[in-house]
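Please consult the sequence and the structure while reading.

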Amino acid sequence: MAGKKGCPDTRDFAGANSGRRSVMTFKSSTDKLLRTLLGFKNLLVTGHELLPRKGVLWLAVKPYKNGACCPHCGRRGKIIKRSRKQVARASRTWRDLPAGGVATAITYSPREITCETHGRVQEDIPWAAKHSRTTLRFDFQMMRLCKVMTQKEAAAQLGVPASTLAEMLHRCVGRYREGHKVRGLKKLGIDEISYKRGHRYLTIVYDLDRSHVVWVGEGKGRKTIDRFFNEVMSAGQRARVEAACCDMSRTYIGAIEDHLPKALLVLDRFHVIKALNESVDEVRKEVWRAASKAERKGLKGLRFIILKNKKNRTRREHKVMAELTHTQRQVARACELKDELSHFWTYSNPSNAEKFLKAWKKRVKLSRIGPLKKFARTLEAHWDGVMASWTGITNAVAEGLNRVIRMAKNRASGYLSTDNFANMIYLIAGDLDLPGQIEAINRPRIIKPLHHQTLCR
Ligand SMILES: [Zn+2]
């Protein structure tokens, strides 16, 4: 059994190695058995009461070894004597992990102590966070389960009403994120994610070097992103940012230019391509609107082929594109220009890349295709940002994280409030190693995978 030297459970289970079979030979009291079975390492079980009908196991406990310590400095204090009434009044209950199909609650009446430095204080509770009504082991398990399954399923596993779990998780993540600061942010990415069927937005700030989310804010406007730069980052931190990556939206570009004047503004490569794709699609739509019924037949299913990368098109799709040059010249030309632009990121030196981009822009202007010309104007307006995308800094990390976040969003489906969604993002993609905050002694015991042969003696 895992346990420190001198810990009662090591002694009691020594018999298991000497080949004794019967459980009866163990000289363990029920309370010791309970303690070992439930894997408590920092508390002793002093009494228990099982109500199978109600599905509750109550355990009276007391701190093991670490009792009567000051919560501020950790030193032992002098215990203040209390009457029976006072003991009963101070009694508290914490929810622990369910054991054997019943909900487990532990009760203890924390004592008051006098600390030499901090005066009269309530002793530190080693198994739970301050003001928490759940044990640290419970918090750990809850966060672990919520990372990989729906909250409804996690609630069922933990024996908590589904409606309560969201609130518990919210409080738990909030507690571990308290006083959290952004550290060493050098390359940041900004993007938005929609939820509530595209009616609401969250702005997300990523650390592109370390691939995690550093901040989540409600809304996608300038006010939201301003809050991040003003409230979360200090002036010194802002000055140390080397590069910032975003899409072609005016809001984020404006915010980066204002708050991070020294940083390199990078327009994300994938967002540039996305904007270009949208304008090519606009050309197709224009043609579609003007086309007769017979002509529309030939235009069906084109969108998918046009937006595809040139090298990914099948032989049949290439044939369709070749036919298009005879029937719909404008669409074909727009598509050609779109395919050409991908060369921009393949150059080995920036001045050649810039030359290429200038020539490409000229060709677009000569093409007399409205939507593409509009794109070229946007390109001109953000020329430096697009050129910077050549440095290889992209929001690809953010895209990857967004995929994980979207998966979590789909899992949460029903009762997803803004706060809950933000917590979910911090939990699965944030920079805080939440379970890492809980000491090993307060984590649930890991079940060892054993083969059946090992179980047979
Ligand atoms: Zn103290």
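Which residue in β5 is the bridge partner of Ala99? The partner is Val102. The model discussed here is predicted.

**The four-stranded sheet**

The pair Ala99 and Val102 belongs to the contact between β4 and strand β5 (residues 102-108), which pair in the antiparallel sense over 6 bridges. Both strands are part of an open sheet of 4 strands, in which the order is β1-β2-β5-β4 and the pairing is mixed. At the edges lie β1 (43-51) and β4 (92-99), each of which pairs on one side only. From one strand to the next, the twist averages 25 degrees. Helix α2 (residues 30-38) packs on this sheet, where it touches β1, β2 (56-63) and β4. The direction of helix α2 makes about 100 degrees with that of β1.

In general, strands of a sheet pair through backbone hydrogen bonds, in either a parallel or an antiparallel manner.

**Strand β9 and its neighbours**

Strand β9 (residues 200-207) is largely enclosed by the rest of the structure, because 6 of its 8 residues are buried; a residue counts as buried if 20 or more other C-beta atoms lie within 10 Å of its own. Strand β8 (residues 187-195) runs antiparallel to β9, and β9 also runs antiparallel to strand β10 (residues 212-218). Each of these pairings forms a hairpin, as β8 with β9 and as β9 with β10. The two pairings are set out below.

| Strand pair | Bridges | Opposite residues | Residues between strands | Turn residue with positive phi |
|---|---|---|---|---|
| β8 and β9 | 8 bridges | Ile190 and Val205 | 4 residues | Lys196, about 50 degrees |
| β9 and β10 | 6 bridges | Asp207 and His212 | 4 residues | Ser211, about 50 degrees |

The chain is divided into domain 1, comprising 187-268 + 394-431, and domain 2, comprising 274-364. Their C-alpha centres are 31 Å apart.

Helix α19 (residues 418-429) has 12 residues. The buried residues of α19 are Phe421, Ala422, Asn423, Met424, Ile425, Tyr426, Leu427 and Ala429.

Conventions
Residues are numbered from 1 along each chain as its sequence is written. This is a predicted model: local features need pLDDT of at least 70, side-chain atom pairs count only at pLDDT 80 or more; totals for chains, interfaces and linings use all residues. A residue is buried if 20 or more other C-beta atoms lie within 10 Å of its own, exposed if 12 or fewer, and partly exposed in between; C-beta atoms are placed from the backbone. Helices (H or I, at least four residues) and strands (E, at least two) are DSSP runs, numbered from the N terminus. Two strands pair if DSSP finds at least two bridges between them. Axes are lines fitted to C-alpha atoms, for helices over the stretch in contact, and angles run from 0 to 180 degrees between N-to-C directions. Two residues are in contact if their C-beta atoms, placed from the backbone, lie within 7 Å. Domain bounds come from an automatic or database domain assignment. The expected span of a helix is 1.5 Å times one less than its number of residues.
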